[in-house]
Amino acid sequence: MEHELPTIRSTMVGYTNLAKLCEATQELYNDHIVIRFGSCAFFDGNMTAAMQVVLERIVDRNNSIDLVDFPRSVATLLCKNEFLCQFGHKKIHDAHRTTLPHRIFGPAESAKFAAYLKEHLPGKGIPVMTEGLGKKFRQSIFEIFQNCAMHSKSKAGISVSGQFYPKEDHLDLTISDAGVGIRTNVREFLGTEISAVDAIKWAMIEGNTTKTGKHPGGFGLKLLQEFIELNNGKVQIVSRDGFYEFSKGIKQYHQIRSDFPGTAINFQINTSDKKTYRLRSEVQSRR
């Protein structure tokens, strides 16, 4: 089978087109799939994390995959962020250090993910933060990773990648898993049928979580979303056929036309922001 992949950006259309690849191959077993990039004029580097979970679902059914027919610029980008290294391509040195490389972490490799953030987030245009907020900021991203590892029930691990666009003034970081999706977790927890959109709405309410035990927790997005609202950035979540986007203080929920496997969470930081950020407690202590 051959599948032509269009341009993939960090938009609802981009996630839908990755979900279409999953749907087009979902009945194939012990087959060979050729994914052509001839119509892909651009591929956002952070979106390789979302594409990885689609490819994992394809391989899970004992299929083999070839990625071919790349425009040179797309191939260069995906070799710089090391996504294509798993398909036999050589890494290209990222001289401008704009990529956060494509990585797959096991559910128990939270320490490695923390080290990844420490190594690759600096120098990517994140607005100035006090030491206290910077630590909380990284902890919030870390919490998203931990919740993906805990709630997804995926043995394939968590895929992470990011891209800094200096000319477009934003940094994107995407964390994805090939798990059961938010809808399945919420359905099992509430004991009722619920749509993917309504499941995301439920999960986004502070205090709601499908985790039980001594340390319950939701997405871990509270501080990040507060920061991104002030920063004029963006948060996106896609899971199954549900899509959520928070931008410029507005929350939008949509049902997409295809079924995205697992869950992907992307946050986009506005790197033209020249403000300095600090915790409320740090402001109060200076009074």
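**Notebook: strands, cores and a helix pair**

I started with strand β4 (residues 99-105), which pairs with β6 in the antiparallel sense over five bridges. Before going on, I noted that this is a predicted model, where local features need pLDDT of at least 70, side-chain atom pairs count only at pLDDT 80 or more, and totals for chains, interfaces and linings use all residues. Residues are numbered from 1 along each chain as its sequence is written, and side-chain values use heavy atoms, with hydrogens and water left out.

My ground rules for elements: helices (H or I, at least four residues) and strands (E, at least two) are DSSP runs, numbered from the N terminus. Two strands pair if DSSP finds at least two bridges between them.

**Entry: β6 and its partners**

I looked up Leu-100 and found that its bridge partner in β6 is Gly-162. On to β7 (residues 170-177): eight bridges join this strand to β6, and the two run antiparallel. There Gly-162 stands opposite Leu-173. The hairpin of β6 and β7 has four residues between the strands, and Asp-169 takes a positive phi near 60° in it.

Next I checked burial (buried means under 20% relative accessible area, exposed over 50%, partly exposed in between, with a 1.4 Å probe and protein chains only). Eight of the eight residues of β6 (residues 158-165) are buried, so the strand is largely enclosed by the rest of the structure. Ile-158, Val-160, Gly-162 and Phe-164 point one way, Ser-159, Ser-161, Gln-163 and Tyr-165 the other way, and all are buried.

I picked Tyr-116, in helix α4 (residues 110-120). Tyr-116 is buried, with a relative accessible area of 4%. Leaving aside neighbours within four places in sequence, I listed its contacts (heavy atoms within 4.5 Å); among them are Leu-100, Val-160, Ser-161 and Gly-162.

Not counting residues up to four places away in sequence, Gln-52 touches Phe-83, Gln-86, His-102, Ile-104 and Ser-159.

**Entry: the cores**

A nonpolar core here is a set of buried Ala, Val, Leu, Ile, Met, Phe, Trp, Tyr and Cys residues joined through side-chain atoms within 4.5 Å. I found 41 residues in the largest one, and those with the most contacts inside it include Phe-113, Val-160 and Phe-267. Helix α5 (residues 131-151) gives the most to this core, with seven residues. I also looked at Phe-113: beyond four places in sequence, its contacts include Phe-105, Ile-141, Val-160 and Ile-175. A second, separate core has 36 residues, including Ile-8 and Leu-28.

**Entry: α6 against α7**

I checked the axes of α6 (residues 182-190) and α7 (residues 196-203): they come within 8 Å and cross at roughly 75°. Axes are lines fitted to C-alpha atoms, for helices over the stretch in contact, and angles run from 0 to 180 degrees between N-to-C directions. That makes α6 roughly perpendicular to α7, the class for 65 to 115 degrees. Ile-182, Arg-183, Val-186, Phe-189 and Leu-190 in α6 meet Ala-196, Ala-199, Ile-200, Trp-202 and Ala-203 in α7.

In the loop between α6 and α7 I found Thr-192, which counts as partly exposed at 40% relative accessibility. The C-alpha atoms of Thr-192 and Asp-94 are separated by 48 Å, with the two residues 98 apart along the chain.

Definitions and conventions. Angles under 35 degrees count as roughly parallel, over 145 as roughly antiparallel, 65 to 115 as roughly perpendicular and the rest as oblique.
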